[in-house]
Amino acid sequence: MIISSPMDYREAAHRRLPGFLFDYIDGGAGTEGTMNNNVRSLQDVFLRQRVLASVGVPSLECEILGSRWGLPIALGPVGATGMYARRGEVQAARAAAEKKIPYTLSTVSVCSIEEVAKGAGGEQWSQLYVIKDRGYMRNSLERAWNAGMRTLVFTVDMPIPGSRYRDRHSGMSGPWATMRQYLQALSHPSWALDVGLMGRPLSFGNIEAYTGHRMSMDDYMGFLGANFDPSIGWSDLQWIRDEWKGQLILKGLLDVEDAREAVRFGADGIIVSNHGGRQLDGAISTAMALPAIADAVGDELTILSDSGIRSGLDVVRMLALGAKGVLLGRAYIYALAAGGQAAVSNLLELFAADMVVAMTMSGVKSPSEISRANLDLIEREFSGE
Ligand code: FNR
């Protein structure tokens, strides 16, 4: 299949993956209204076209959270990545290292912190969920630090897993899930051989390292359902800020009041995110939430954002709305599923090429120059004109 745009990888992933895995990646909560709106509202962000601005060739390098990045993009945390490609977390982290951008390893990854740290190189971030078992959280912080990870992405928008109806339809969860998954794997032999067989062990490395038990896909869904903790609040988490000596980024904020709490908490950064529309169906898109949050706390911590980013143009839009950098989710996972590390590298090149066009046409030379001034129409709405 010819790949000419980032979203061609979605179709390629669709062909390669058993249905339950493709739908797990591709789906969102409830009616998928928020998930779809993330993409749509980015398309509704208009950029001012400037001409004869003598920009030359823009550079995409930038400084974020004290590090030099090749592009204002990080690869975000995505659970079960090693189910979509053979030892998928290591492959994705290698592609990120190649492009000099950070890779974020999910709590619920197939490859463990140690396997990724040893196998990939580059800058890796560790993502942690708020989990009932505090022993697990401490163990995870310690292992991440010992493996050389210095940035913690602490995801706070999953006190309870969202209602993902597609998962029951597809066989990811629900009746006869394991049998349905086996049958789907059989009808996707190249995935079954490459990942199902050669990609073993398909356990959840970080959880296994703590509990000592192998985890199947069924156990994974059970773990997601049983281990999240809706009872905790900001003060219960202060110990993490006190114990973690590296940078701490809170992921999953959409509200200005919560962003102010994050500043009081002592976060170094926040990720404005609705988890790609996988949690609260009905929540606003990140493109809609971002400008007010940037106005409120943009001078006090580093703002990153994700959800719905499908092209380099979308990255420029997010920066214009107030983010310093973005995280990719589905966009790079489709590529990884379709063609492993090489496809993720190619995807990042497609993003970079797209950013160069958007920045040249906007009259800016580097990501740090992109601002609200590059917005058209919407900027007038925000400033009340
Ligand atoms: C996620 N996301 C996620 N976030 C997180 O903090 N920890 C995790 O383990 C996961 N797992 C996960 C699995 C899958 C299959 C997806 C698609 C997403 C959310 C992810 O980091 C990011 O916020 C969204 O993917 C961004 O939305 P888009 O760009 O994918 O639409």
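Residues are numbered from 1 along each chain as its sequence is written, and side-chain values use heavy atoms, with hydrogens and water left out. Because the model is predicted, local features need pLDDT of at least 70 and side-chain atom pairs count only at pLDDT 80 or more, whereas totals for chains, interfaces and linings use all residues.

Helices (H or I, at least four residues) and strands (E, at least two) are DSSP runs, numbered from the N terminus. Helix α1 spans residues 8–16, and its residues Asp8, Tyr9, Ala12, Ala13 and Arg16 are buried; buried means under 20% relative accessible area, exposed over 50%, and partly exposed in between, with a 1.4 Å probe and protein chains only. Why do these residues of α1 lie on the same side? They cover an arc of only 135 degrees around the axis, which puts them on the same side of α1. The arc is that of the directions from the helix axis to the C-beta atoms. An α-helix has 3.6 residues a turn, so residues three or four places apart point the same way. The buried residues of α1 pack against α2 (19–26), α9 (189–197) and α16 (330–362), where contact means heavy atoms within 4.5 Å.

Met217, Tyr220, Phe223 and Leu224 are buried in α11. Seen down the axis, these buried residues fall within an arc of 110 degrees, so they line one face of the helix. Their cover includes α2, α8 (177–186) and α10 (205–211).

On a 1 Å grid over the protein atoms alone, a cavity is a set of points where a 1.4 Å probe fits but cannot get out, and lining residues have an atom within 4 Å of a point. Grid points are joined across faces, edges and corners, and a volume is the space filled by probe spheres set on the points. How many cavities of 30 Å³ or more are there? The count comes to one, and about 460 Å³ of space lies in the largest cavity. The largest cavity is lined by 30 residues, of which Pro77, Val78, His275, Arg278 and Gly329 lie nearest its centre. The elements giving two or more residues to this lining are α2, β6 (124–129), α11 (217–226), β11 (325–328) and α16. By type, the lining divides into 14 nonpolar, ten polar and six charged residues. Here Ala, Val, Leu, Ile, Met, Phe, Trp, Tyr, Cys and Pro count as nonpolar, Asp, Glu, Lys and Arg as charged, and the others, Gly among them, as polar.

Several residues in strands deserve a visit. Threonine 104 sits in strand β5 (residues 103–105) and is buried, with a relative accessible area of 0%. Not counting residues up to four places away in sequence, threonine 104 touches Leu75, Gly76, Pro77, Trp125, Gln127, Val153 and Leu327. Threonine 104 and tryptophan 125 are 21 residues apart in sequence and 4.5 Å apart in space, C-alpha to C-alpha. A polar atom of the threonine 104 side chain lies 2.8 Å from the backbone oxygen of leucine 75. Serine 126, in strand β6, is buried as well, with a relative accessible area of 2%.

Serine 67 belongs to strand β3 (residues 67–69) and is buried at 18% relative accessible area. The side chain of serine 67 makes a polar contact with that of glutamate 123 (3.3 Å). A polar contact is a pair of N or O atoms within 3.5 Å; within protein, one must be able to donate a hydrogen and the other to accept it, and residues adjacent in sequence count only if both atoms are side-chain atoms. Serine 190, in helix α9, counts as partly exposed at 43% relative accessibility, and its side chain makes a polar contact with the side chain of arginine 16 (3.3 Å).

Finally, the backbone holds a few details. Most residues other than glycine have a negative phi, and most peptide bonds are trans. The peptide bond from arginine 200 to proline 201 is cis, with omega near 0 degrees, and proline 201 is found in the loop between α9 and α10. Glutamate 32 has a positive phi of about 65 degrees although it is not a glycine; this residue is found in the loop between α2 and α3 (33–43).

Definitions and conventions. On a 1 Å grid over the protein atoms alone, a cavity is a set of points where a 1.4 Å probe fits but cannot get out, and a pocket is an open set with protein on both sides within 12 Å along at least five of seven lines; lining residues have an atom within 4 Å of a point.
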